[in-house]
Amino acid sequence: MKEAALNTLTLCRFSAGARGAATGTMRCVTDDDPYLWLEDVEGEAALAWVAERNAETAAALTADDGFASLKERLREALDASDRVPYTTRRGAFLYNYWRDATHVRGVWRRTTLERYRKDEPEWEVLLDVDALAATEEEKWVWAGARVRRPEDDLALVCLSRDGGDAVEVREFDLATRAFVDGGFRLPEAKTRIGWIDEDTVFVGTDFGPGSLTESGYPRTVRRWRRGTPLEEAAVVFEAEPADVAAWGLRDTTPGFERDFVGRAMDFYRSETYLVPPGGELVKIDVPEDARVYAHRHHLIVTLKSGWLGQPAGSLLAFDFDAFLAGDRTAEVLFTPDERTALAGHSWTRHHLLLETMRDVSTRIEILTPAAGEAGWARAPLTDVPPLSAVSVVDTDPDVSDEYFLDVSGFLQPSTLYRGRIGADTEILKQAPARFETAGLAVEQFFATSRDGTRVPYFVIGPDRAVTGPGPTLLYGYGGFEVSLTPSYGAVRGRAWLERGGTYVIANIRGGGEYGPDWHRAALRADRPRAFEDFAAVAQDLVARGITTPATLGAAGGSNGGLLMGAMLTRHPELFGAIVAQVPLLDMTRFHRLLAGASWIAEYGNPDEDADRPHLLELSPYHRLTADRAYPPVLLMTSTRDDRVHPGHARKTAARLRALGHRVLFHENTGGGHAGASDNEQTAHNNALMHTFLWQHLARSEDPAHIL
């Protein structure tokens with residue numbers, strides 16, 4: 001191994017200007033990290049190290065008596081033919097992407113509503129990704145398609161190589177079910193593309209040096225006409241190098257066709273501009289941290305901070321033309337309170353479906369703008385069982401008041417409803433139970449965090465008042481305003497609940513469960529509030545007799561992997577085992593690795609003197625020591641993760657090993673940030689994770705099962 005020879009690297013950093021360009025003030029930082037060589041994603045030495053660690057993990061986990069049968073049961077659930085095939089309506093057809101045992105990489109297909117109503121719908125296969133992968137000898141993974149609206153005749157199909165965020169784009173003819181010869185086509189990049197008309201698209205992609213932001217996303221929006229060279233596409237808008245990305249889109253609503261461009265300065269601040277025909281860009285003058293878009297004659301604004309006398313978390317509607325003329329008269333569609341937050345909203349042709357959360361349980365209302373006058377009428381759409389969730393799956397806002405709803409709970413399989421506002425609803429599909437729920441219950445509790453904040457969490461499992469403390473898995477995320485709501489999980493049920501384990505979801509700060517303020521409370525230097533919340537839930541579980549520290553495990557991925565690193569280094573005494581998936585762990589270099597620069601607004605900037613101290617304090621990688629006892633840990637990542645660099649997990653595993661601590665490491669060669677690109681990989685990864693946890697939390701009395 002080349003560890004000794006690669007102990008020290010000198011890193012030159014630029015405080016301004018494009019990455020790699022000799023602009024701005026340069027300062028050099030000598031980093032004596034002995035594991036920087038593991039950041040070489042496909043380097044020979046790094047991959048040899050990965051292979052050795054994978055072999056160790058396979059020996060420790062796949063030889064377990066229950067591993068093979070568990071993986072088989074998980075694969076069976078993932079491949080089941082009676083899963084709900086969720087669809088998106090485009091014109092007369094319902095489109096679906098589907099993977100199972102026969103279609104490992106999947107098929108893109110469509111059907112009609114009449115056929116979809118059948119127990120076994122007849123599908124028209126548009127694109128067989130398995131066949132394409134075999135023909136082209138490439139590990140293609142479906143990454144979505146953008147169908148041209150409202151004609152619904154052409155699509156821009158995105159294909160990922162083995163699961164990465166970067167995609168290849170190809171034009172597809174929906175009538176002939178074939179790629180268009182000589183049509184729009186782009187090589188692999190983190191491309192943004194969308195239809196303007198049949199012969200024109202907005203495109204942002206890698207045009208060479210200077211065309212990407214420091215986060216690795218497109219910096220320009222260009223108008224590209226069919227049959228012309230890509231490099232001749234006219235620039236419509238250009239973002240700054242330090243921005244996250246630029247974007248452009250055409251609003252294709254009949255009678256309201258408009259073009260918009262904009263830039264994301266960071267994850268939470270953005271600017272949006274109207275592109276008038278032949279005129280100068282017109283800025284939509286809303287706060288930078290607000291989310292804004294046009295719908296017909298409305299301008300819809302979601303607030304992240306207070307504005308016009310309305311609090312953060314509010315949803316406002318303006319008359320679009322009047323707003324551009326300077327009128328700031330708003331219709332208030334939603335105002336949050338201390339227990340209720342906005343979860344989302346969707347349009348039908350004449351109504352708006354408003355999704356809200358009250359203590360993390362969701363509900364939906366119908367809002368109807370009054371014709372020709374101020375005021376919106378509102379009414380509940382449907383009743384939802386307690387401690388469950390309802391979400392709008394799809395609508396077709398240009399055509400009708402049709403909607404598709406999904407209702408599920410931790411122990412309640414999904415039911416897909418179709419309705420039309422003002423008419424009865426129908427059950428279209430209902431998923432069967434995938435695991436045994438007898439003796440299981442769902443409860444919600446609240447823990448008190450270090451600063452007195454009330455933190456909700458869900459407990460799913462057997463009655464511990466009867467069975468006593470037992471193996472418990474605590475899951476969390478706590479970042480980017482992501483909310484963790486009730487949902488049915490076949491993998492979770494079969495791998496954990498069915499075996500007698502208890503599963504817990506912690507709704508900690510940093511998420512969006514109580515709106516923007518809940519998220520903002522754990523931003524940047526305040527990130528430890530999320531860690532304290534998670535630790536408080538762990539302590540509350542023990543106090544309630546649900547588990548003990550020896551039988552309590554924790555798991556999280558991506559930003560949740562940072563949370564796991566924090567638990568490992570800050571509260572190791574609370575847990576019997578920890579799993580971190582595709583984790584973010586080195587907080588001093590995250591902004592220099594892949595898409596990391598786009599997260600500076602969430603965590604801070606390691607190149608800024610004001611931020612570097614708290615980032616070093618947050619960084620689990622740098623908090624590891626030899627003289628503290630840590631619970632066993634499993635680190636999981638993917639070579640093809642081009643969002644969170646696999647070096648985070650690799651380096652942390654190497655450092656833990658060197659310090660003499662118990663650690664297993666598994667790196668899937670494909671899968672991207674999801675960690676898996678097909679059901680086989682998903683089943684394998686989950687079997688590894690749950691076998692590891694079961695060994696340490698449920699069989700800790702048997703030394704033969706200890707790492």
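Predicted model: local features only at pLDDT ≥ 70, side-chain atom pairs only at ≥ 80, totals over all residues.
Me: What should I know about the numbering and the model first?
Reply: Residues are numbered from 1 along each chain as its sequence is written.

Me: Which residues touch the most other members of the largest nonpolar core?
Reply: Leu 474, Phe 534, Phe 575 and Leu 635 do, in a core of 102 residues. A nonpolar core is a set of buried Ala, Val, Leu, Ile, Met, Phe, Trp, Tyr and Cys residues joined through side-chain atoms within 4.5 Å. Buried means under 20% relative accessible area, exposed means over 50%, and partly exposed is in between, with a 1.4 Å probe and protein chains only.

Me: What is Phe 575 in contact with?
Reply: Its contacts include Leu 474, Phe 534, Pro 549, Met 567 and Pro 631, leaving aside neighbours within four places in sequence. Contact means heavy atoms within 4.5 Å.

Me: Helices next. At what angle do helix 9 and helix 10 pack?
Reply: About 70 degrees, with the axes of helix 9 (residues 528-543) and helix 10 (residues 559-570) 10 Å apart. Helices (H or I, at least four residues) and strands (E, at least two) are DSSP runs, numbered from the N terminus. Axes are lines fitted to C-alpha atoms, for helices over the stretch in contact, and angles run from 0 to 180 degrees between N-to-C directions.

Me: What does that make helix 9 and helix 10 to each other?
Reply: They are therefore roughly perpendicular. Angles under 35 degrees count as roughly parallel, over 145 as roughly antiparallel, 65 to 115 as roughly perpendicular and the rest as oblique.

Me: Which residues make the contact?
Reply: Helix 9 uses Pro 528, Ala 530, Phe 531, Phe 534 and Ala 535, and helix 10 uses Leu 562, Leu 563, Met 564, Ala 566, Met 567 and Arg 570.

Me: Asn 559, buried or exposed?
Reply: Asn 559 lies in helix 10 and counts as buried because its relative accessibility is 3%. Its side chain reaches the backbone oxygen of Tyr 477 at 2.8 Å. That is a polar contact, a pair of N or O atoms within 3.5 Å; within protein, one must be able to donate a hydrogen and the other to accept it, and residues adjacent in sequence count only if both atoms are side-chain atoms.

Me: How do the axes of helix 2 and helix 15 cross?
Reply: The axes of helix 2 (residues 67-79) and helix 15 (residues 679-697) cross at roughly 135 degrees and come within 8 Å. So helix 2 is oblique to helix 15. Among the residues making the contact are Leu 70 and Leu 74 of helix 2, and Ala 687 and Thr 691 of helix 15.

Me: Where is Leu 70, and what else does Leu 70 touch?
Reply: Leu 70 is in helix 2 and is buried at 8% relative accessibility. Not counting residues up to four places away in sequence, Leu 70 touches Arg 494, Ala 495, Arg 499, Ala 687, His 690 and Thr 691.

Me: Changing topic. Where is Thr 502?
Reply: Thr 502 is in strand 35 (residues 502-506). It is buried, with a relative accessible area of 1%.

Me: What polar contact does the side chain of Thr 502 make?
Reply: One with the side chain of Arg 464, at 3.0 Å.

Me: Which residues does a cis peptide bond join?
Reply: Arg 149 and Pro 150, with omega about -5 degrees. Pro 150 lies in the loop between strand 7 (140-147) and strand 8 (154-161).

Me: What is phi of Asp 162?
Reply: Near 65 degrees, a positive value in a residue other than glycine. Leu 308 also has a positive phi, near 55 degrees. Most residues other than glycine have a negative phi, and most peptide bonds are trans.

Me: Asp 162, buried or exposed?
Reply: Asp 162 is buried, with a relative accessible area of 8%. Leu 308 is partly exposed, at 40%.

Note on methods:
Heavy atoms only, no water.
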